[in-house]
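Have it open while you read.

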Amino acid sequence: MLSAIGIGYSYPGGIAALDNVSLAIRPGRKVALLGANGAGKTTFLLHLNGLLRPQRGEIRLDDVVMGYDRGSLRRWRQRVGLVLQDPNDQLFAATVFEDVSFGPLNLGLTAAATRERIDTSLAALHIETLADRPTHMLSLGQKKRVAIAGVIAMRPDILVLDEPTAGLDGDGSARLVALLDALHQRGTTIVIATHDTDLALEWADDAAVFTAAGIERAGPVDEVLSDDDLLVRACLRRPWALEVKDALATSGALNGNRLRSRADVVAAIRACLNRVWLHQAGLVILGDGKRL
Ligand SMILES: Nc1ncnc2c1ncn2[C@@H]1O[C@H](COP(=O)(O)OP(=O)(O)OP(=O)(O)O)[C@@H](O)[C@H]1O
Ligand SMILES: [Mg+2]
């Protein structure tokens, strides 16, 4: 369990970013942090692996208050990996291979185990062919993939990603979500900050919404994203699956099924079209299967 308790943080110049923010991230969950530009998501994530130190409050990992000496930070960052919003802030080595190698080389693994981690991470992000390229000679989306590969090579228990799909093409975005799901299946807890409420609804278990007041609401993602007033206050778009859900609700096509992903929506529309077809054929079937 990774917990933030009463975190307060202001940037130099007195710019208040977080005021008394608390959130418990339970093991094995997929968590989406949502909120308007400037609401504090990035500042919060930077606290989760000790890159920022709270001016008030504390971070606990498995109920132990985290320390900020070198040894504590090193152990902390092995367990909590953070992918920054801007890959230019994360990449520092001369080549892609060296960048992805850096973390595993410092874990004291055998040469074979280190190489296996690097190769697996490069393959997971489909950047094997970029291995020898200088990191500054890449597109933004390619840099993002390298930054993610470097962090997953550390095999953290908790993986935190700041806007991971921003800047990725459609295929890269879908592959990334599949990768996050695969890591989650292997027991990794995953936290992302995103503006994409469609992705959050489809992918996450839990959501926390940041507004100027801090975290205004946290809980199961479908409940949080059904709070229309909150979405307006947080400058978030209503997920399109919920728009479709409302439109279909009166048709009986939902049958109480969940409607969160593209596949759910397609299935519900198919069911609705079948009803229309049956109706036109004079065979209206009620939700309970009885015929009129
Ligand atoms: N380096 C910085 N120096 C001073 N103020 C900063 C700095 N970074 C962020 N802030 C301020 O802190 C507040 C929170 O910013 P933060 O980057 O955490 O928001 P965010 O929710 O991640 O926004 P976005 O959706 O745009 O990424 C904002 O008022 C912002 O202007
Ligand atoms: Mg941000």
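1. Starting point: Asp-264, which sits in helix H11 (residues 262-280); helices here are DSSP runs of H or I with at least four residues, strands are E runs of at least two, and both are numbered from the N terminus. Asp-264 is buried at 18% relative accessible area (buried is under 20%, exposed over 50%, partly exposed in between, with a 1.4 Å probe and protein chains only). A polar atom of its side chain lies 3.0 Å from the backbone nitrogen of Ser-261. Setting aside neighbours within four places in sequence, Asp-264 touches Arg-258 and Leu-259 (contact means heavy atoms within 4.5 Å).

2. Ground rules: this is a predicted model, with local features needing pLDDT of at least 70 and side-chain atom pairs pLDDT 80 or more, while totals for chains, interfaces and linings use all residues. Residues are numbered from 1 along each chain as its sequence is written, chains are lettered from A and ligands numbered from 1 in the order written, and side-chain values use heavy atoms, without hydrogens or water.

3. Ligand 1 has 14 residues around it, and Gly-38, Lys-41, Thr-42, Thr-43 and His-195 come nearest (a heavy atom within 4 Å counts as near). Which distances to ligand oxygens stand out? A backbone N or O atom of Gly-38 is 2.8 Å from one, a side-chain N or O atom of Thr-42 is 2.8 Å from one, and a polar side-chain atom of Thr-43 is 2.5 Å from one.

4. The largest pocket holds about 760 Å³. Its lining runs to 26 residues, with Asn-49, Arg-77, Phe-102, Gly-103 and Met-154 nearest the centre. Helix H2 contributes most, six residues. On a 1 Å grid over the protein atoms alone, a pocket is an open set with protein on both sides within 12 Å along at least five of seven lines, a cavity is a set of points where a 1.4 Å probe fits but cannot get out, and lining residues have an atom within 4 Å of a point.

5. The second largest pocket has about 320 Å³ of space. It is lined by 14 residues, and those nearest its centre are Asp-196, Asp-198, Leu-199, Glu-202 and Arg-262. H7 leads the lining with five residues.

6. H6 supplies the largest share of its lining, four residues; Arg-145 and Arg-175 are among the lining residues.

Terms used. A polar contact is a pair of N or O atoms within 3.5 Å; within protein, one must be able to donate a hydrogen and the other to accept it, and residues adjacent in sequence count only if both atoms are side-chain atoms. Grid points are joined across faces, edges and corners, and a volume is the space filled by probe spheres set on the points.
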